[in-house]
Amino acid sequence: MSDEFILDTPLVRGFVADVRAAIAGAGSPEAACEAIRPRFAALLADPDWLPERYQEGDPESGMGGGIGQWLLFRAGDRSLTLFALVVPPGSQTPVHDHLAWGLVGLYKGTQDEEIFSQAVEPVERRALAPGDFYALLPPRDDIHRVKTTSDVTSVSIHLLTNDTGCVWRHAYDPESRAATPFRSGYVNVACEE
Ligand SMILES: [Fe+2]
């Protein structure tokens, strides 16, 4: 399979090339995330690169709440994806995991993020504003849920080292802590069966 630049712009191609160079030159996921940080911060600070259509929710959402997950780039070997997660005001994601390391940051709106332990106990809560981002290094911080707290839709940018929308991961019931198989899908790209 070949690389898919769904949002095919020089900026996205340059970003992906820089990220790949950083990963190739890093000895660990932690080091790669450190190396990517300045480039990722610049992406979150740039108001012009993400077209409006990728900032819209999805009424048919598989996640519920009108949440839209838009694929922007996917590596041919499925080892890297860039996508936008759009969460309408008042909506929240299920509690879920990602099963891959990478960077997640807020582009528009505000969110509350609740982080859970591997035992699905709430461990931390943080309020996110545009430009805030964090490294996701499973198992640390892998299980969370996000809720939009702004009266406008929130848009977060995800750079993760798997095909996050298409892999089978887990959603969790925060009361019973039970896991169920979860595949979020993408609004704009179908997953293979
Ligand atoms: Fe997430």
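Modeller: Among contacts (heavy atoms within 4.5 Å) between residues at least 6 apart in sequence, 71% join residues at least 24 apart. This is a predicted model, in which local features need pLDDT of at least 70 and side-chain atom pairs count only at pLDDT 80 or more, while totals for chains, interfaces and linings use all residues. Residues are numbered from 1 along each chain as its sequence is written, and side-chain values use heavy atoms, with hydrogens and water left out.

The protein has two helices and 12 strands, taken as DSSP runs numbered from the N terminus (helices H or I, at least four residues; strands E, at least two). Buried residues, meaning those under 20% relative accessible area with a 1.4 Å probe and protein chains only, make up 52% of the 193 residues.

A nonpolar core is a set of buried Ala, Val, Leu, Ile, Met, Phe, Trp, Tyr and Cys residues joined through side-chain atoms within 4.5 Å. The largest one holds 33 residues, of which Phe 40, Trp 49, Leu 50, Leu 82 and Ile 157 touch the most other members. Two or more residues come from each of α1 (10-25), α2 (29-45), β2 (68-74), β3 (81-87), β5 (102-108), β8 (133-136) and β10 (154-160), and α2 gives the most, with six residues. Leaving aside neighbours within four places in sequence, Ile 157 is in contact with residues including Phe 40, Trp 49, Leu 50, Leu 82, Leu 103 and Tyr 107. Apart from this core lies another, of 12 residues, among them Val 104, Leu 128, Leu 160 and Val 189.

Note on methods:
Buried < 20%, exposed > 50% of the residue type's maximum accessible area, 1.4 Å probe, protein only.
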